[in-house]
Amino acid sequence: MDDESTLIRRNLELATLNIIAADLNREIDLGRALEIALEHVARLFGRRTGWIWLLDPGGAASLAASCSLPPALACNPERMRGDCTCLDTYRRATTERQASVGIITCSRLKGLLDGTQGLRFHASVPLYAHGHPLGVLNVAGADWQELSSDELRLLSTIGDLLSIVVERARLLARNVELAALEERNRIAREIHDTLAQRLAAITLKLEVADTLLEGNTPAER
């Protein structure tokens, strides 16, 4: 690739990264933000299909977003549940060190002929936040069996962007939960204080009433 072609490619990459970053920053819903990012990434690498796994605190993976899944997967959602080669590889790597970007033969399409659109491989991009595993971004292709250094660099950068968005969304969700809990506690305190005040007032009135009744009782002869 000559210098001019390299420059054009780099400019396209930077423009796409800026677009992805802007879209991710603008979109509030995490699922929609990840779908938009997938569309940009697939287009940038000349692919159509991609999906993102996110891990819950217990380590279980769920499909967080997808883009143009082939019929073999889109029409058979059970194939997009449970573990697979890329998730197993990711988990094994994270026990000792951070996993790296790599090409993996998609085990979810293994043994299928119809409805795969020729897909066999995907680039797996691990997602981390402060060293903690978040999930995996997969971008699929029929002939994608190796990655150039530029592709590795670019996918790693995109993975970092997505990791920041996922972590931000989770922090926001936790903050919302904490705010809701604080509000419930505040209301509970107000109810408790109000009831306590009213009970005290009622008790005082009853004591006054008893005193008045005792004062009005005719003396025994």
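At what angle do the axes of helix 1 and helix 2 cross, and within what distance do they come? In this predicted model, the axis of helix 1 (residues 3–26) comes within 9 Å of the axis of helix 2, and the two cross at roughly 170°. Because angles over 145 degrees count as roughly antiparallel, helix 1 and helix 2 are assigned a roughly antiparallel arrangement. On the side of helix 1, the contact is made by Arg 9, Leu 12, Glu 13, Thr 16, Ile 19, Ile 20, Asp 23 and Leu 24. These residues meet Ala 33, Ile 36, Ala 37, His 40, Val 41 and Leu 44 of helix 2. Sorted by class, the contact of helix 1 with helix 2 comprises nine nonpolar, two polar and three charged residues.

The strands form an open sheet of five members in the order 2-1-5-4-3, with antiparallel pairing. Strand 2 (61–67) and strand 3 (102–105) are the edge strands, each of which pairs on one side only. From one strand to the next, the twist averages 30°. Helix 2 (residues 30–44) packs on this sheet, where it touches strand 1, strand 2 and strand 5. The direction of helix 2 makes about 55° with that of strand 2.

Strand 4 and strand 5 form a hairpin with two residues between the strands, in which His 130 adopts a positive phi near 55°.

Strand 5 is mostly covered, with eight of its 10 residues buried. Ala 140 belongs to this strand, which spans residues 132–141. The relative accessible area of Ala 140 is 4%, and the residue is therefore classed as buried, the cut-off being under 20%. Apart from its neighbours within four places in sequence, Ala 140 is in contact with Arg 47, Thr 49, Trp 51, Leu 119, Phe 121 and His 122. By contrast, a separation of 35 Å is found between the C-alpha atoms of Ala 140 and Asn 175, which are 35 residues apart along the chain.

One aromatic pair is present in the structure. The pair consists of Tyr 90 and Tyr 128, with a centre-to-centre distance of 5.6 Å and an angle of 55° between the planes, a tilted geometry. Tyr 90 is located in helix 4 (residues 85–94) and Tyr 128 in strand 4 (residues 121–129), so the pair ties together parts that are 38 residues apart in sequence. Both tyrosines are shielded according to their computed accessibility: Tyr 90 counts as buried at 3% relative accessibility, and Tyr 128 counts as buried at 12%.

Key: Residues numbered from 1 in each chain as written. Predicted model: local features only at pLDDT ≥ 70, side-chain atom pairs only at ≥ 80, totals over all residues. Heavy atoms only, no water. Helix = DSSP H or I, 4+ residues; strand = E, 2+ residues; numbered from the N terminus. Buried < 20%, exposed > 50% of the residue type's maximum accessible area, 1.4 Å probe, protein only. Contact = heavy atoms within 4.5 Å. Pairing = 2+ DSSP bridges. Axes fitted to C-alpha atoms, helices over the stretch in contact; angles between N-to-C directions. Parallel < 35°, antiparallel > 145°, perpendicular 65-115°, else oblique. Nonpolar A, V, L, I, M, F, W, Y, C, P; charged D, E, K, R; others polar. Phe/Tyr/Trp six-rings, centres within 6.5 Å; stacked < 30°, edge-to-face > 60°.
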